[in-house]
Amino acid sequence: VYPDPPSGDQPTCETAGVLGPLTSAVASLQTAAALRILVGGAQPSDFRLTTIEVWSSVIRQLPLPDRQSDCPACARAQFPYLDGAHRAPVSLCGRNAVQIHERSRPVDLPNLAARLASIGPVRANEFALRLSLPGYELTVFPDGRAIIKGTTDVGIARSLYAQYVGA
């Protein structure tokens, strides 16, 4: 659909806005499509490119374009944005939080919990660790990802990650 990803700053739900009912509509369509796939009732021609403008109640559907033989995703099954190769820290819309992606380095959560216990309250299990600090909350996952609440500044989030999880 888009041969090259857009460059530069793009509008986000935080800057351009997203009406709540849109997320429910998209989730419903995706869930129905997944169910059709799971029960074997989906045909490739069933799927369409759908745009929904909930404010004006306009729904448009277009047939999917033909697959391009030179498309990195369709022909070569390359997904750099899904495998983490192009994941920069990102401010989470409306959450006063930044997500840090450190997929190349797993984290030993029990060891990290023991190290951070003297710094502030730590809650941890096999799925995540949460450290509460004055003004911030760090949630760290075993794959190295983290969500830093209390800021939308990527620099501050990276600094907190480096200080408490490691550079």
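**A first walk around the protein**

Visitor: What pattern does the protein follow, read along the sequence?
Guide: Keep in mind that this is a predicted model. The protein has three helices and eight strands. Read along the sequence, they follow the pattern α-β-β-β-β-α-β-β-β-β-α.

Visitor: Which residues of helix H2 are buried?
Guide: Helix H2 covers residues 109-116. Here, buried means under 20% relative accessible area. In H2 that applies to Leu109, Leu112, Ala113 and Leu116.

Visitor: What do the buried residues of H2 pack against?
Guide: Three strands take part: E5 (122-124), E6 (129-133) and E7 (136-140). There is a helix on the list as well, and that is H3 (154-164).

Visitor: Which side chain makes a polar contact with the side chain of glutamate 137?
Guide: Glutamate 137 is found in strand E7. Leaving aside neighbours within four places in sequence, glutamate 137 is in contact with Arg130, Leu131, Ser132, Ile147, Ile148 and Lys149. The polar contact, at 3.4 Å, is with the side chain of arginine 130.

Visitor: What share of the protein's accessible surface belongs to carbon and sulfur atoms?
Guide: Buried residues make up 22% of the 167 residues. The accessible surface comes to about 11800 Å². Of that surface, the carbon and sulfur share is 56%.

Note on methods. Residues numbered from 1 in each chain as written. Predicted model: local features only at pLDDT ≥ 70, side-chain atom pairs only at ≥ 80, totals over all residues. Heavy atoms only, no water. Helix = DSSP H or I, 4+ residues; strand = E, 2+ residues; numbered from the N terminus. Buried < 20%, exposed > 50% of the residue type's maximum accessible area, 1.4 Å probe, protein only. Areas by Shrake-Rupley, 256 points an atom, 1.4 Å probe, with all protein chains shown as cover. Contact = heavy atoms within 4.5 Å. Polar contact = N/O pair within 3.5 Å; in protein donor to acceptor, adjacent residues only side chain to side chain.
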